[in-house]
Structure formats: structure tokens, C-alpha cells
Amino acid sequence: MILRTGIQAAFRQTAARPLATKVLARSTRLTPLQIRLLSTETKAAIDKAVSTSPVVLFMKGTPDTPQCGYSRATIQILGVQGVDPAKFTAFNVLEDEELRSGIKEYSDWPTIPQLYVEKDFVGGCDILLSMHQDGSLAKLLEEKNVLVPAEDMPPAKEK
Amino acid sequence: EAPDFLDEKEKAIFDRLSDALEPTALEVQDISGGCGSMYAVSITTERFQGLPVIKQHRLVNEVLGEDIKSWHGIQLRTKA
């Protein structure tokens, strides 16, 4: 069994980044309708967020300290797949309530975690797990060239 | 055709999915310890044929729309 522990550890230490423009304190009063819809600033901030890296994950907690089992599972899957930490950014929705609700409107997806690859929404934990199991995730990540190059992998360890 | 071991909320979800998607196989289970805040749903229906998994999930999300918003989470497994 090949253990990519080196890669997985480096991957988990990828610091989660705060949303580029933290859209918090509003000075203007908003009507309930306006509050429910995605504000232009939040949309712009999320647009920017999904463009940060080829692989972007919106999760609860950080890659090193996930705060939810599904976020943790997603991080593990990406680590096992060998995603290059240099091509990956994670955003912690627990740090930013606007992001937490905004991303659900933005993706039209009700739950966190949410994975984006090259600005395309791929899915949540359930989908990633099944893609991981049927090989389609490996295929996608290879096609998008976001995996750690073979030469950089630590030597295979036999069990 | 809802099994009789479902609680009220589970049954409501079961019926909603049954009516909307006419599944050949459907399982609904409260996995929040009875709190009604998280459900595991497994659904097989011909309506999913030809659709990528993500579209299948979005279809279910549409059917359960408002409910999902009030839950903490959902575990979803779909099959065509």
C-alpha cells in the first residue's frame, strides 16, 4: 500500500484563508428581501474566492482542524488523491457568516463542504466520496493537472 | 408504500420524494438521533437516467428544498 503521508500532512497544513473582502458590517439598512438574495459584494467576493486556486474548498474549520465530519472526510479524500497544496485553497465558513450563507446561494447547494475545481462546482462530500470510489475524481484532478507531480511523492512504503 | 417503521418526519420526506420522483427504491432515515435535523436518503429512480450525479442530487435538493434549509445536513445517495 502506498502511503502518501508526506503529501497528506503538507496538504492538511495548508492554512485556510479568510474571504478576501470580509463583507461584514453594513452601514445601510436592508429590507428582508435584499438580505435574502445574494448581495453583489458577497457575490463578487465569492467569485474572487473560487478563482484563488485551481482547487477551492469551502469547509467548516481548516484543513488541519476540520470542525465537521463531512469537511474532514473531504479533506482526507483530497489528500489521498494527492492534490498539490500549492494549487489548493480552503475557506472556513465558520469564520464568516456571510460566506456561510452566501456560498449556499451562490452554488445553489444547501450544504457545506463544497468543492470547486477551476471555478466549476463539483459537489459536496457525498458526491466526492462516490467520485473517489469510482475513479472519476482521480480522472478529473489529473485532467486539471492539480495533483502533486510523481517525482515529488515520497517513496512507496510497503505495509 | 412507506414502511411503518418511519417516524412522522421521515414519512413526510419519504412521501414527498415518492410523489415527486416515483422511485423504485427509497430509504429515508433520521441520523440526528431523532432530532429531525439530519437525514440519510438513498433513492433509485429512472428519472435519474442519463443525468450526472450532481444533477441527480440537485433534483432531490429541489424536491426537498425548504426542508433541507432547516436541517443541519443531509447524506444523499442517488442511483439511476
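**Exercise 1. Decide whether Tyr116(A) in this predicted model is buried or exposed, and trace the ring pairs in which the residue takes part.**

Step 1. The relative accessibility of Tyr116(A) is 4%, and since buried means under 20%, the residue counts as buried.

Step 2. One partner of this ring is Phe121(A): the two centres lie 5.5 Å apart and the planes stand at 55°, so the pair is classed as tilted. Both Tyr116(A) and Phe121(A) are buried.

Step 3. Counted over all chains, the aromatic pairs come to 6. One of them joins Phe58(A) and Tyr116(A), with 5.8 Å from centre to centre and 80° between the planes, which makes the pair edge-to-face.

Step 4. Phe58(A) belongs to strand S1 (residues 55-59) of chain A, whereas Tyr116(A) belongs to strand S3 (residues 114-117) of chain A, so this pair ties together parts that are 58 residues apart in sequence. Phe58(A) is itself buried, its relative accessible area being 0%.

Step 5. Ring pairs connect Phe58(A), Phe91(A), Tyr106(A), Trp109(A), Tyr116(A) and Phe121(A) into a cluster.

**Exercise 2. Describe how the elements of chain A follow one another along the sequence, and state what share of its residues is buried.**

Step 1. Chain A contains 7 helices and 4 strands, and along the sequence these follow the pattern α-α-α-β-α-β-α-β-β-α-α.

Step 2. Of the 159 residues in chain A, 43% are buried.

Step 3. Among the contacts in chain A with a separation of 6 or more, 73% are between residues 24 or more positions apart.

Step 4. A particular case of closeness across the sequence is Glu105(A) with Leu38(A), which are 67 residues apart in sequence while their C-alpha atoms are 6.5 Å apart in space. Glu105(A) is located in helix H5 (residues 97-107) of chain A and, at 44% relative accessibility, counts as partly exposed.

**Exercise 3. Find which residues of chain A have a positive phi without being glycine, and which peptide bond is cis.**

Step 1. As background, most residues other than glycine have a negative phi, and most peptide bonds are trans.

Step 2. Glu118(A), although not a glycine, has a positive phi of about 50°, and Lys119(A) likewise has a positive value, near 65°.

Step 3. Glu118(A) lies in the loop between S3 and strand S4 (120-123) of chain A, and Lys119(A) is also placed in the loop between S3 and S4. Their accessibilities fall into separate classes: Glu118(A) is partly exposed with a relative accessible area of 39%, and Lys119(A), at 53%, counts as exposed.

Step 4. The cis peptide bond joins Ile112(A) and Pro113(A), with omega at about 15°; Pro113(A) sits in the loop between H5 and S3 of chain A.

**Exercise 4. Locate Thr24(B), and name its contacts beyond the neighbours within four places in sequence.**

Step 1. Thr24(B) is found in the loop between helix H1 (8-21) and strand S1 (25-30) of chain B, and its 62% relative accessibility makes it exposed.

Step 2. With the neighbours within four places in sequence left aside, Thr24(B) is in contact with Thr44(B) and Thr45(B).

Step 3. From C-alpha to C-alpha, Thr24(B) and Ile43(B) are 7.9 Å apart in space, while in sequence they are 19 residues apart.

Key:
Residues numbered from 1 in each chain as written. Chains lettered and ligands numbered in written order. Predicted model: local features only at pLDDT ≥ 70, side-chain atom pairs only at ≥ 80, totals over all residues. Heavy atoms only, no water. Phe/Tyr/Trp six-rings, centres within 6.5 Å; stacked < 30°, edge-to-face > 60°. Helix = DSSP H or I, 4+ residues; strand = E, 2+ residues; numbered from the N terminus. Buried < 20%, exposed > 50% of the residue type's maximum accessible area, 1.4 Å probe, protein only. Contact = heavy atoms within 4.5 Å.
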